[in-house]
Amino acid sequence: QVQLAESGGGLVQTGDSLRLSCAASGRSISSYTVGWFRQAPGKEREFVAALSWGGYIRSGDYTYYADSVKGRFTISRDNAKNTVFLRMNSLKPEDTAVYYCATAPSSKSVDSRTVVSGDLYDYWGQGTQVTVSS
């Protein structure tokens, strides 16, 4: 099993930046697909960003972003720390939500269609609150 713990959320102002962390334990997630989702009050959970392992030939991960965060958010991983990060710049009030990370093993096929669905992921963290004031 994989345990995930998000951190780094907080209360910020419009235009500020935050870096969320998703620390994994239980096993290495260096080859896993890791996604970030968010859920605002009264709204459905939505995909934010994900990365999937590029394999033994490709150097680096494949990355995927929701249109609403493209150009502002960056997902990355540090295998030595078994942690995935979500760097969020130019934050807006509409980014306010609880942010969750989730993982799926590399055995699961991933593409731009499947990566945005929560059904792909097996393990989820408890979430971290991000609040952006106007």
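Where does asparagine 82 lie? In this predicted model, asparagine 82 sits in the loop between S7 and S8. Most residues other than glycine have a negative phi. Asparagine 82 has a relative accessibility of 14% and therefore counts as buried, the cut-off being under 20%.

The loop between S7 and S8 also holds alanine 80. Alanine 80 has a relative accessible area of 78%, so this residue is exposed. The threshold for that class is over 50%. Between the C-alpha atoms of alanine 80 and aspartate 111 there are 26 Å. Along the chain, these two residues are 31 positions apart.

A positive phi is also found at serine 90, again about 50° and again not at a glycine. Serine 90 belongs to the loop between S8 and S9. Its relative accessible area is 41%, which means that serine 90 is partly exposed.

Strands S7 and S8 belong to an open sheet. The sheet has 4 strands, in the order S1-S3-S8-S7, and the pairing is antiparallel. Strand S1 (3-7) and strand S7 (73-78) form the edges. Each has a single partner strand, so one side of each has no neighbour in the sheet. On average, neighbouring strands of this sheet are turned by 15° against each other, with direction ignored.

The pairing of S1 with S3 can be followed at residue level. Strand S3 covers residues 18-25 and runs antiparallel to S1. The two strands are joined by 5 bridges. Leucine 4 has alanine 24 in S3 as its bridge partner.

The structure holds 1 disulfide. This disulfide is formed by cysteine 22 and cysteine 101, with 2.1 Å between their sulfur atoms. The link of cysteine 22 and cysteine 101 is right-handed, with 70° about the S-S bond. Cysteine 22 is in strand S3, whereas cysteine 101 is in strand S9 (residues 97-104), so the pair ties together parts that are 79 residues apart in sequence. Both cysteine 22 and cysteine 101 are buried.

How many cavities of 30 Å³ or more does a search of the whole structure find? The search finds 1. The largest cavity contains about 30 Å³ of space. Its lining consists of Ile29, Ser30, Arg77, Asp78, Asn79, Asn82, Thr83 and Val84. S7 and strand S8 (83-88) are the elements that give two or more residues to this lining. By class, the lining residues divide into 2 nonpolar, 4 polar and 2 charged.

Asparagine 82 lies in the loop between S7 and S8, and Asn82 is one of the residues lining the largest cavity. Strands S7 and S8 both contribute to that lining, and S7 is at an edge of the sheet.

Methods. Residues are numbered from 1 along each chain as its sequence is written. This is a predicted model: local features need pLDDT of at least 70, side-chain atom pairs count only at pLDDT 80 or more; totals for chains, interfaces and linings use all residues. Side-chain values use heavy atoms; hydrogens and water are left out. Two strands pair if DSSP finds at least two bridges between them. Axes are lines fitted to C-alpha atoms, for helices over the stretch in contact, and angles run from 0 to 180 degrees between N-to-C directions. On a 1 Å grid over the protein atoms alone, a cavity is a set of points where a 1.4 Å probe fits but cannot get out, and a pocket is an open set with protein on both sides within 12 Å along at least five of seven lines; lining residues have an atom within 4 Å of a point. Grid points are joined across faces, edges and corners, and a volume is the space filled by probe spheres set on the points. Ala, Val, Leu, Ile, Met, Phe, Trp, Tyr, Cys and Pro count as nonpolar, Asp, Glu, Lys and Arg as charged, and the others, Gly among them, as polar. A disulfide is a pair of cysteine sulfur atoms within 2.5 Å. Buried means under 20% relative accessible area, exposed over 50%, partly exposed in between (1.4 Å probe, protein chains only).
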